[in-house]
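Hello,

Here is the structure I said I would pass on. My notes on it follow below.

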Amino acid sequence: PMTTIEFELPQAAQARLDVFDVRGRRVRRLVDARLSSGTHTFTWDGKDGEHNVLPSGVYFYRLHTEALMLVRKMVMAR
């Protein structure tokens with residue numbers, strides 16, 4: 001299972017995209033880089049930062065830039 005996270009930045013910005021479990025623990029950092037303005041797409045493969053397969057359940061992703069913090073829920077079903 002994989003999920004695609006898509007977002008749009010109105011201007012170039014330093015961005016961090018992290019995935020968290022329901023207890024609020026970060027399980028994976030997908031990006032930490034300066035991104036250009038426009039649409040960006042990242043894929044999460046359901047694995048943690050050490051490439052361990054995570055169980056089915058609810059996860060959250062958080063996009064953080066200088067001007068924006070966005071949190072959304074995802075459901076991982078295997």
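Asp21 touches Val27, Val58, Tyr59 and Phe60, leaving aside residues up to four places away in sequence. This is a predicted model, so please read the values below as computed from it. Asp21 is part of strand 2, which covers residues 13-21. Its relative accessible area is 11%, and because the cut-off for buried is under 20%, Asp21 counts as buried. The side chain of Asp21 also reaches the backbone nitrogen of Arg23, at 3.0 Å.

I then looked at the aromatic rings. A search of the whole structure gives 2 aromatic pairs.

One of them is Phe7 with Phe42: the ring centres are 6.0 Å apart and the planes lie at 15°, so the pair is stacked. The pair links distant parts of the chain, with Phe7 in strand 1 (residues 3-9) and Phe42 in strand 4 (residues 38-44), 35 residues apart. Phe7 is buried, at a relative accessible area of 7%.

Trp44 and Tyr59 also form an aromatic pair, and this one is edge-to-face, with 5.2 Å from centre to centre and 65° between the planes. It too links distant parts of the chain: Trp44 is in strand 4 and Tyr59 is in strand 5 (residues 57-64), 15 residues apart. Trp44 is buried, with 1% relative accessibility, and Tyr59 is buried as well, with a relative accessible area of 5%. Tyr59 is also one of the residues that Asp21 touches.

Regards

Methods
Residues are numbered from 1 along each chain as its sequence is written. This is a predicted model: local features need pLDDT of at least 70, side-chain atom pairs count only at pLDDT 80 or more; totals for chains, interfaces and linings use all residues. Side-chain values use heavy atoms; hydrogens and water are left out. Helices (H or I, at least four residues) and strands (E, at least two) are DSSP runs, numbered from the N terminus. Buried means under 20% relative accessible area, exposed over 50%, partly exposed in between (1.4 Å probe, protein chains only). A polar contact is a pair of N or O atoms within 3.5 Å; within protein, one must be able to donate a hydrogen and the other to accept it, and residues adjacent in sequence count only if both atoms are side-chain atoms. Contact means heavy atoms within 4.5 Å. Rings of Phe, Tyr and Trp (its six-membered ring) pair if their centres lie within 6.5 Å; planes under 30 degrees apart count as stacked, over 60 as edge-to-face and the rest as tilted.
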